[in-house]
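Below is a short briefing on one protein model, written for a first reading. Please look at the sequence and the structure before going through the points.

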Amino acid sequence: MGIQLFKANFAVEACLKQVRECLEKGWTGMGFKTVELEEAWKEYTGHKYAYYLNSNTAGLYMAVDTLKEVCGWDNGDEIISTPLTFISTNHAIAKNNMNAVFADVDDTLCLDPQSVEEHITDKTRAVIFVGLGGNTGRLGEVKKICKNYGLKLIIDAAHMAGTRYRDGSIPGANGEADITVYSFQAVKNLPTGDSGMICTDDAELDEIFRKKAWLGINKDTYTRAMNKEGTYKWKYNVEYVGDKYNGNSIMAGIALAQLPFLDRDNAYRRTLAQWYTDEFAQYPNQIGLVTVLDDCISSRHLYQIFVNDRDGLMMYLNANDVYPGVHYMSNTEYSMYSYAKGSCVNADFASNHIISLPMHMEISHKDVKYIAKLVVKYLMDIRGGERLK
Ligand SMILES: *Cc1c(COP(=O)(O)O)cnc(C)c1O
């Protein structure tokens, strides 16, 4: 099978035990395990509210939709975002008839605060910050800018399950972001099949999420009026054209089984990253590394390097049974976002030079040495050691 970029590592027996509980109880849908997971995730992260969803994408769509409604934003208003992300991030803006304005990334591959500030107009309403690869980048500075200009801050934390600041706190929690959205998709750090979590410290937002994610159904008025005999249990009000975004107990059970291992797995990912970095330390002119600032203990969803002839290296590694990835092609390369093509030089450079090396629990130190040796051989011997440009 060769060495794959990602491979989920499941605590199989613990997962099966959770799923068995759901099946025996006859409760696989929303409630039961989803509520247990929300409680566990709040405890783990420090977010005041957490609502379990069927994906991070659903969460991002709902985050923009909800803020747009609550804050009274108009169609055509702007949200500043990064071109270097999975398209869910930017589709969340377009889906809500708003305009994604692309700011550039910095050496952390996250949004550059200076570029964010330069892109603010009188139509800017929010910033979506992507913690690329688990990195927090200069989120603190972006937060300050949002505060100064009265902008909302949404974090796409798809890569950030388990990322912490040096003091142990979680990015986005303690009021840092208005909304933080995680992904528990199959190859993310807390893998399920597909699911995600939308988190906030704002009770009103959480209440709206719960309605919007379930077709706009609101049971509250009737549950409040419900008498002992359970009359009105079947009655509910509908306030929105909502979506069907809620998570289910089967997926939540798997997340509950995996959560106790998240910190352990992420620690191993950081060890893998250090091993790669050690191997590449001798080649600073040929291999560019991504900056992780001191304050960030990254979940290390990704280990990325910059190289010349990335596509050639990719083919060479594939020929040697190693299968890396690219995170990401600049979204401005896609026709629907091509209005911003060429406007973000660092993101464009990354788009053309970045490669993600295999990163998962079954990679050994020996594998890292083997992969690194192939990378070095390609760049030094086959490409003649030309400088990164
Ligand atoms: C995976 C990913 C998403 C989407 O997550 P899903 O749970 O699959 O919807 C969004 N943003 C980024 C950066 C991602 O990597």
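A residue is called buried if its relative accessible area is under 20%, exposed if over 50%, and partly exposed in between, using a 1.4 Å probe and protein chains only. The model is a predicted one, in which local features need pLDDT of at least 70 and side-chain atom pairs count only at pLDDT 80 or more, while totals for chains, interfaces and linings use all residues. Residues are numbered from 1 along each chain as its sequence is written, and side-chain values use heavy atoms, with hydrogens and water left out. Helices (H or I, at least four residues) and strands (E, at least two) are DSSP runs, numbered from the N terminus.

- Seven strands make up an open sheet with mixed pairing, in the order 2-9-8-6-5-3-4; two strands pair if DSSP finds at least two bridges between them.
- Strand 2 (49–53) and strand 4 (99–102) are the edge strands, and each has a single partner strand, so one side of each is left without a neighbour in the sheet.
- From one strand to the next, the twist averages 20°; axes here are lines fitted to C-alpha atoms, for helices over the stretch in contact, and angles run from 0 to 180 degrees between N-to-C directions.
- Strands of a sheet pair through backbone hydrogen bonds, either parallel or antiparallel.
- Strand 5 (residues 124–130) and strand 6 (residues 152–157) run parallel and are joined by five bridges; V130 has D156 in strand 6 as its bridge partner.
- Helix 2 (residues 33–45) packs on the sheet, where it touches strand 2, strand 8 (179–183) and strand 9 (196–200), and its direction makes about 135° with that of strand 2. Contact means heavy atoms within 4.5 Å.
- Helix 6 (residues 139–149) also packs on the sheet; it touches strand 5 and strand 6, and its direction makes about 155° with that of strand 6.

**Strand 3, helix 4 and strand 4**

- Strand 3 (residues 78–81) runs parallel to strand 4, with four bridges between them, and E78 stands opposite N99 in strand 4.
- Together with helix 4 (residues 88–95), these two strands make a right-handed β-α-β unit. A crossover is right-handed if, with the strands pointing away from the viewer, the path from the first strand over the helix to the second runs clockwise.
- T89 is part of helix 4 and counts as buried because its relative accessibility is 0%.
- The side chains of T89 and T85 make a polar contact of 2.6 Å. A polar contact is a pair of N or O atoms within 3.5 Å; within protein, one must be able to donate a hydrogen and the other to accept it, and residues adjacent in sequence count only if both atoms are side-chain atoms.
- Leaving out residues up to four places away in sequence, T89 touches L60, S81, I128, V130 and D156.

**Helix 10 and its surroundings**

- Helix 10 (residues 262–280) has 19 residues and reaches 27 Å from its first C-alpha to its last, close to the 27 Å expected at 1.5 Å a residue. The expected span is 1.5 Å times one less than the number of residues.
- Its buried residues are L262, D265, N266, R269, L272, A273, W275, Y276 and F280.
- Among the elements that cover these residues are helix 2, helix 9 (249–258), strand 14 (303–306) and strand 16 (354–357).
- Strand 14 and strand 16 run antiparallel and are joined by four bridges; Q304 has S356 in strand 16 as its bridge partner.
- In strand 16, I354 and S356 point one way while I355 and L357 point the other way, and all are buried.

**Single residues**

- K212 is in helix 7 (residues 203–212) and counts as buried, because its relative accessibility is 6%.
- The side chains of K212 and E69 are joined by a polar contact of 2.8 Å.
- P113 belongs to helix 5 (residues 113–118) and is buried, at 4% relative accessibility.
- H327 and Y328 are joined by a cis peptide bond, with omega about 5°.
- F32 is not a glycine, yet has a positive phi of about 55°; it lies in the loop between helix 1 (12–25) and helix 2.
- D309, also not a glycine, has a positive phi of about 50° and lies in the loop between strand 14 and helix 11.
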